[in-house]
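Please consult the sequence and structure shown below while reading.

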Amino acid sequence: MAGVSMEEALAGKDDLILALNSGSSSLKFGVYYHGATDEEPLLTGSAEGIGHANGSLHIRSSDGKSLILREGILESQSDALSALGAAVQEHIHTAPVAVGHRVVHGGPKLRTHQLITPQVLDQLRSATHFAPLHIPQALTLIASAQSIFPSAAHYACFDDAFHRTIPEVASHLPIPQRYFDAGIRRYGFHGLSYESLVHHFGVRLPERAIFAHLGNGASLCAVRNGISVDTTMGLTPTGGIPMGTRSGDLDPGVLLYLIRDEKLDADQIEDLLNHQSGLFALSSGESDVKALEGRSHSNDLQAALALNIFAVAVRKVIGAYTALLGGIDLLVFTGGIGEHSEPIRAAASDGLQFLGLTPEKIQVVSTQEEKQIARSCRTMIMDL
């Protein structure tokens, strides 16, 4: 809390929760205590550019004071977590009672936030093929956190859990039933972000809402009465609309062409679709929207096309979800692009007034994934 010293905030608190939000090359985190009405931070921070020369680690106290600012290579998320553990020991002197882990995908058998047990870890290992880019990394970070904070209870907060409510008409892919039975279905992601938006609005959330989490990874969600009824990402976070470096949905014939004519194997296709596509491909090497907007203003046609393709993809989904919901009462933009790019927001909602999307129905809200992890952990602790 701004203006409150860590000593004041910590007084009498022995129920701290550490929230870990793991990304592909980043680790965001926060240490929270149970305030009067919500989880409140004692420490927050992030490690960015993990594995790269321009990496950084920044940890701040609840009153905004910078406790650690380190530039340079962080070899892994575990390195960043070790530094965080040392900061907790030095500045808080109290170990967290719980550690909450954002886990992108738990496969078909892990669809709710839950205590991490040996059985849950075994199930995660068996589900690696559902998210080979994410689950191994999550398992490594969980093991590191259990070593650094051995007295804490560790919880998995699954990023697809919010979407377990989508009906079969949205989750069932048009392929033979045996694949659905094996877990090949639409799962959806960014669930912790969407949960935080539902919490933010509370009783003010209207019946028909569309949430747009637009960042390097991007998705949209149709929400009826606070419940997810459809979302753009599918089996993996690669599906849906084009993203920073991810392709989004493609004609399956494109994949067949890459296999037959380009002779790409599964690993090469995976790398192409996750790391060489999206805005990065359309602009010939740039995935940052702010940089692309600068290039577009300088009459860079490739940058302008990339931004337009992205915005139009978002606009088409907003239109489709408005039809699905039978109207729209609220459109919320969140995520790095959604929160900070007014041109993308304007282009994504342009021309939809005929659907009833008026400016007063559009809001921009900061996502609070780490705080939402802490909230979920607190609920699970209280339910024990």
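The sections below treat the basis of the model, its sheet, its nonpolar cores, and its cavity and pocket.

## Basis of the model

The model is predicted: local features need pLDDT of at least 70, side-chain atom pairs count only at pLDDT 80 or more, and totals for chains, interfaces and linings use all residues. Residues are numbered from 1 along each chain as its sequence is written, and side-chain values use heavy atoms, with hydrogens and water left out.

## The sheet

Eight strands form an open sheet with mixed pairing, in the order β5-β4-β3-β2-β1-β6-β8-β7. Strands (E, at least two residues) and helices (H or I, at least four) are DSSP runs numbered from the N terminus, and two strands pair if DSSP finds at least two bridges between them.

At the edges lie β5 (66-71) and β7 (114-115), each of which pairs on one side only. The partner of β7 is β8 (residues 153-158), joined in the antiparallel sense over 2 bridges. Within β8, A156 stands opposite Q114.

## Nonpolar cores

A nonpolar core is a set of buried Ala, Val, Leu, Ile, Met, Phe, Trp, Tyr and Cys residues joined through side-chain atoms within 4.5 Å; buried means under 20% relative accessible area with a 1.4 Å probe, protein chains only. The largest such core has 51 residues, of which L214, L220, I241 and F310 touch the most other members. Helix α12 (residues 301-325) gives the most to this core, with 11 residues.

Beyond its neighbours within four places in sequence, L220 is in contact (heavy atoms within 4.5 Å) with residues including Y194, F211, I241, V314 and Y321. A second, separate core of 28 residues includes L20, L27, L67 and I92.

## Cavity and pocket

On a 1 Å grid over the protein atoms alone, a cavity is a set of points where a 1.4 Å probe fits but cannot get out, whereas a pocket is an open set with protein on both sides within 12 Å along at least five of seven lines; lining residues have an atom within 4 Å of a point. The largest cavity holds about 30 Å³ of space. Its lining consists of S22, H101, R102, V103, A138, L141 and I142, and the elements giving two or more residues to this lining are β6 (98-103) and α4 (135-148).

The second largest pocket has a volume of about 1,000 Å³. Among its 34 lining residues, L235, T236, T238, L255 and L273 are the closest to its centre. Helix α9 gives the most to the lining of this pocket, with 6 residues.

Technical notes:
Grid points are joined across faces, edges and corners, and a volume is the space filled by probe spheres set on the points. Buried means under 20% relative accessible area, exposed over 50%, partly exposed in between (1.4 Å probe, protein chains only).
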